[in-house]
Amino acid sequence: MTIQVGDHLPQATFRVTGPEGPQAKTTDDIFKGRRVVLVGVPGAFTPACHRNHLPGFVAKRDEILARGIDAIAVTAVNDIFVLNAWQQQSGADGIEFLADGNGEFVKAIGLEMDGTGFGLGVRSQRYAMLVEDGVVRILNIEDTPSKAEASGAEAMLRVL
């Protein structure tokens, strides 16, 4: 079942880069007591994610944070090493990258996408949500994976 506005995020573990390399962080570690814009993308470096979706959040980062948001986080069904390379190449300093390498989080929230026809395996649908203290307050899901309109930075700014 797809997560809905008002639902608590399920417990899951992401991989993030810490001072000494990859480390585990739970949904509580990331979302408890915080207002976080969470952006889900099908994959790092994929055309729509790399050219259309992430750049809007990089460009509008300060404006989003100025609306009382504690953090912007991006998650994808990629390993932490790929996400780190994507973060560095995209100049996305100040945005948290959460690796959901096995797709456990995206499956738990019911937003997985079958990309096997394109050789991608199971991936995430494209979405953006506002999470307050672990509860989904806003959820914008794209109808078409190749678009980043409903889930883009501008759309999120309109509802914050």
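Tutor: Happy to! Let's begin with helix H2, where Ala48, Cys49, His53, Leu54 and Phe57 are buried. Buried means under 20% relative accessible area, while exposed means over 50% and partly exposed lies in between (1.4 Å probe, protein chains only). Helices (H or I, at least four residues) and strands (E, at least two) are DSSP runs, numbered from the N terminus.

A word on the background: this is a predicted model, in which local features need pLDDT of at least 70 and side-chain atom pairs count only at pLDDT 80 or more, whereas totals for chains, interfaces and linings use all residues. Residues are numbered from 1 along each chain as its sequence is written, and side-chain values use heavy atoms, leaving out hydrogens and water.

Back to H2, which has 13 residues, 47-59.

Now for the aromatic rings. The whole structure holds 3 aromatic pairs. Rings of Phe, Tyr and Trp (its six-membered ring) pair if their centres lie within 6.5 Å; planes under 30 degrees apart count as stacked, over 60 as edge-to-face and the rest as tilted. Phe14 and Phe105 have ring centres 4.9 Å apart and planes at 55 degrees, so this pair is tilted. Phe14 belongs to strand S1 (residues 13-18) and Phe105 to helix H5 (residues 104-108), so the pair ties together parts 91 residues apart in sequence. Phe14 is buried at 0% relative accessible area, and Phe105 is buried at 1%.

Next come Trp86 and Phe97, whose ring centres are 5.7 Å apart with planes at 85 degrees, so they pair edge-to-face. Trp86 sits in helix H4 and Phe97 in strand S5 (residues 96-99), so parts 11 residues apart in sequence are tied together. Both Trp86 and Phe97 are buried, and together with Phe45 they form one aromatic cluster.

Helix H4 (residues 80-90) also holds Gln87, which is buried at 18% relative accessible area. Beyond its neighbours within four places in sequence, Gln87 is in contact (heavy atoms within 4.5 Å) with Ala92, Ile95 and Phe97. A polar atom of the Gln87 side chain lies 2.9 Å from the backbone oxygen of Ile95.

Conventions: Expected span 1.5 Å × (residues − 1). Polar contact = N/O pair within 3.5 Å; in protein donor to acceptor, adjacent residues only side chain to side chain.
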